[in-house]
Amino acid sequence: MHKIEPATLETGNAIAMLRTLNINLREIGESHAVMEVTVDERHRNYFGGAHGGLIATLIDTVSFFPRPLLPSGKTCTTTNLAVTYVRPALVGDVLTARSELMHSGRKLVSLSVTVKNQHDKLVAHGNATLMVSG
């Protein structure tokens, strides 16, 4: 694989999937990243709360944005994603996902992610493993 252009807040927020879901990249840190979404009608599941796929997408996507990864121009792909749902998110909730780089090896990177609502209550947490090249 070839080296890609380093990601920025602007290019991260230009990702079509994120625009479709109204997910916003808020912060790129040295070993963390933050994304946010306000749950609205497009995110509803059958029961009226946030679809679990929205939360899984947050956990997966925020994992790519700590500075040593996409913001450094590295090509990455998810090899493993685990999500634990703790409480439902409702329409109107503001969800903030924060990834933390736990381990960075030559080819594999491990991250831990929390998703909290606007009341700082844990909604979900997860772990992602990314394969890095370039």
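**Exercise 1.** In what order do the six strands form the open sheet, and is the pairing parallel or antiparallel?

*Solution.* The model is predicted: local features need pLDDT of at least 70, side-chain atom pairs count only at pLDDT 80 or more, and totals for chains, interfaces and linings use all residues. Residues are numbered from 1 along each chain as its sequence is written, and side-chain values use heavy atoms, with hydrogens and water left out.

Step 1. Identify the elements: helices (H or I, at least four residues) and strands (E, at least two) are DSSP runs, numbered from the N terminus. Two strands pair if DSSP finds at least two bridges between them.

Step 2. Read the order, which is β1-β2-β4-β5-β6-β3, with antiparallel pairing. β1 (24-28) and β3 each have a single partner strand, so one side of each of these edge strands lacks a neighbour in the sheet. On average, neighbouring strands are turned by 20 degrees against each other, direction ignored; such angles are taken between axes, which are lines fitted to C-alpha atoms, for helices over the stretch in contact, and run from 0 to 180 degrees between N-to-C directions.

Step 3. Examine the pairs. β2 and β4 are joined by seven bridges, β4 and β5 by eight, and β5 and β6 by nine. A hairpin of three residues connects β4 to β5. In that pair, A97 lies opposite V115 of β5, while L108 faces M131 in β6.

**Exercise 2.** Why is helix α3 described as largely enclosed by the rest of the structure?

*Solution.* Step 1. Apply the scale: buried means under 20% relative accessible area, exposed over 50%, and partly exposed in between (1.4 Å probe, protein chains only).

Step 1. Consider α3 (residues 52-62): eight of its eleven residues are buried, so the helix is largely enclosed. The buried residues are L54, I55, A56, T57, L58, I59, T61 and V62.

Step 2. Find their surroundings, where contact means heavy atoms within 4.5 Å. The buried residues of α3 pack against α2 (16-21), β2 (32-38), β3 (75-85), β4 (94-104), β5 (108-116) and β6 (122-133).

**Exercise 3.** Which residues touch the most other members of the largest nonpolar core?

*Solution.* Step 1. A nonpolar core is a set of buried Ala, Val, Leu, Ile, Met, Phe, Trp, Tyr and Cys residues joined through side-chain atoms within 4.5 Å.

Step 1. Of the 32 residues in this core, I23, M35, L58, F65, L95 and V115 touch the most other members. The largest share, five residues, comes from α3.

Step 2. Take F65 as a case: leaving aside residues up to four places away in sequence, its contacts include L25, I28, H32, M35 and L70.

**Exercise 4.** Is H32 buried or exposed, and which side chain forms a polar contact of 2.6 Å with that of H32?

*Solution.* Step 1. H32 belongs to strand β2, and its bridge partner in β4 is E100.

Step 1. With 12% relative accessibility, H32 counts as buried.

Step 2. The side chain of E27 makes the polar contact with that of H32, at 2.6 Å. A polar contact is a pair of N or O atoms within 3.5 Å; within protein, one must be able to donate a hydrogen and the other to accept it, and residues adjacent in sequence count only if both atoms are side-chain atoms.
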